[in-house]
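Hi,

Here's the model I promised to pass along.

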Amino acid sequence: MNKSILSISGSRAMNYLLQTIIEKEHRFVPALDVFQGMHHLRTNKKINVLVVDLDFQPQQAWELIEHIKSSRLYRIPVIVLATENNETLRQKCYEFEVDEIFIKPFNPVDLIAAIRSTNEVVN
């Protein structure tokens with residue numbers, strides 16, 4: 001089944017990479033910042049997975065993740081991309097119930113496998 005994947009990254013290069021690997025199987029929806037991503041979530045009820053790059057707007061990204069995971073309006077898996085792999089990141093991901101963490105550089109095949117294995121609840 002094709003899923004709609006919303007990617008929030010301030011890096012056009014990262015969005016291009018994600019688009020290249022995701023569009024082969026799924027619909028790709030890019031957003032350059034958290035606010036644009038939130039707009040897509042509000043207007044497109046068929047987003048199945050959210051991929052958030054924490055290297056851009058980290059505070060706003062965590063606020064968005066917290067909102068999505070604590071709200072009954074959004075029941076979608078969240079995949080986090082980050083450069084630094086530390087205990088603080090792991091603790092926040094655990095606290096906010098992030099579904100998957102990928103540390104850059106990551107294997108695109110593993111990301112696609114994580115997207116495939118998500119069991120979202122349709123909004």
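Predicted model: local features only at pLDDT ≥ 70, side-chain atom pairs only at ≥ 80, totals over all residues.

Residues are numbered from 1 along each chain as its sequence is written, and side-chain values use heavy atoms, with hydrogens and water left out.

Helix α2 spans residues 34–43 (helices are DSSP runs of H or I, at least four residues, and strands runs of E, at least two, numbered from the N terminus). Its buried residues are V34, G37, M38 and L41 (buried is under 20% relative accessible area, exposed over 50%, with a 1.4 Å probe and protein chains only). They sit on the same side of α2 because they cover an arc of only 100 degrees around the axis, taken from the directions from the helix axis to the C-beta atoms. Facing away from that buried side are the exposed F35 and T43. The cover over the buried residues includes β1 (4–8), β2 (27–31) and α3 (contact is heavy atoms within 4.5 Å). At the N-terminal end, D33 caps α2, with a side-chain oxygen 3.1 Å from the backbone nitrogen of F35.

Now the largest pocket. L54, D55, P58, W62, A82, T83, E84, N86, T88, L89 and K92 line it. α3 (58–70) and α4 (87–95) each supply at least two lining residues, and α4 gives the most, with 3.

Cheers

Definitions and conventions:
1 Å grid on protein atoms, 1.4 Å probe; cavity = no way out; pocket = protein on both sides within 12 Å on 5 of 7 lines; lining within 4 Å. Polar contact = N/O pair within 3.5 Å; in protein donor to acceptor, adjacent residues only side chain to side chain.
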